[in-house]
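Hi there,

Here is the structure we talked about, ready for you to open. Have a look at it first, and then read my notes below.

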Amino acid sequence: APYLQLSSDTSGYGDPAEGNKKIIFYTNNNLGNLRSSIRYYPSGGSLTEINDEVDDDEWDKDVVYYCEATRNGDVYTFAQYGSVADRDNRTNALQEITVADLTSAYADSPDFAYIGVGGDGTAGQQNTYNLKLWNVYF
């Protein structure tokens with residue numbers, strides 16, 4: 001599955017190392033659904049994982065999509081668009097998944113410091129183009 005991952009460690013795709021956290025946004029290759037996986041592994045504790053899925057079946061093979069991951073306070077959103085204009089204007093999202101059910105323990109772990117993109121368990125080619133990062137303060 002192609003994925004975008006934000007993490008506080010360099011453990012790669014999957015569960016975070018003890019004392020760390022990650023958010024993974026990815027697609028289900030068979031169905032085309034957007035998914036999110038929130039993972040937190042407190043020091044001396046056990047792994048906590050919160051998974052969500054939007055089943056709109058909009059991620060087709062061999063089609064270029066335009067995505068955006070945003071954070072507003074404690075709410076993280078990942079959206080898929082059919083054009084650059086739609087993404088830039090945040091209109092006509094094909095699929096969108098929002099994660100707002102984070103525990104306070106999640107906020108106590110180190111900040112996100114790493115971005116990972118790739119494909120896990122997927123046959124075929126996964127490509128990421130034009131990855132942009134910015135921080136907006138109001």
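**Salt bridges and other finds**

E49 counts as partly exposed, at 37% relative accessibility. The terms work like this: buried means under 20% relative accessible area, exposed means over 50%, and partly exposed is in between (1.4 Å probe, protein chains only). The areas themselves come from the Shrake-Rupley method with a 1.4 Å probe, and for residues only the protein chains shown count as cover.

Before going further, please keep in mind that this is a predicted model, where local features need pLDDT of at least 70, side-chain atom pairs count only at pLDDT 80 or more, and totals for chains, interfaces and linings use all residues. Residues are numbered from 1 along each chain as its sequence is written, and side-chain values use heavy atoms, with hydrogens and water left out.

Now the overall picture. The chain has two helices and eight strands, in the order β-β-β-β-β-β-α-β-α-β from the N terminus. Both kinds of element are DSSP runs numbered from the N terminus: helices are H or I with at least four residues, strands are E with at least two. Of the 138 residues, 35% count as buried. The accessible surface of the chain is about 8400 Å², and carbon and sulfur atoms account for 44% of that.

Back to E49. Its side chain meets that of R39 in a salt bridge, at 3.4 Å from N to O. This pair links distant parts of the chain, with E49 in strand 4 and R39 in strand 3, 10 residues apart. By salt bridge I mean a side-chain nitrogen of Lys or Arg within 4 Å of a carboxyl oxygen of Asp or Glu. R39 counts as buried, because its relative accessibility is 9%.

How many salt bridges does a search of the whole structure find? There are five. Another one joins E53 and R35, whose closest N and O atoms are 3.2 Å apart. E53 lies in strand 4 and R35 in strand 3 (residues 34–41), so the pair ties together parts that are 18 residues apart in sequence. E53 is partly exposed at 38%, and R35 is partly exposed at 22%. R87 and D88 also form a salt bridge, at 3.5 Å from N to O. Salt bridges with shared partners join D15, R39 and E49 into one network.

Is P16 buried or exposed? P16 is buried, because its relative accessible area is 4%. It lies in the loop between strand 1 (2–7) and strand 2 (20–27). Leaving aside residues up to four places away in sequence, P16 touches several residues, including D9, R39, Y40 and L47. Touching here is a contact, with heavy atoms within 4.5 Å. The C-alpha atoms of P16 and Y40 are 6.8 Å apart, although 24 residues separate the two along the chain.

Lastly, take a look at two backbone angles. Most residues other than glycine have a negative phi. R90, however, has a positive phi near 55°, and N92 has a positive phi of about 55°. R90 is found in the loop between helix 1 (84–89) and strand 7 (95–99), and N92 lies in the loop between helix 1 and strand 7. R90 is exposed, with a relative accessible area of 53%, and N92 counts as exposed at 56%.

Happy exploring!
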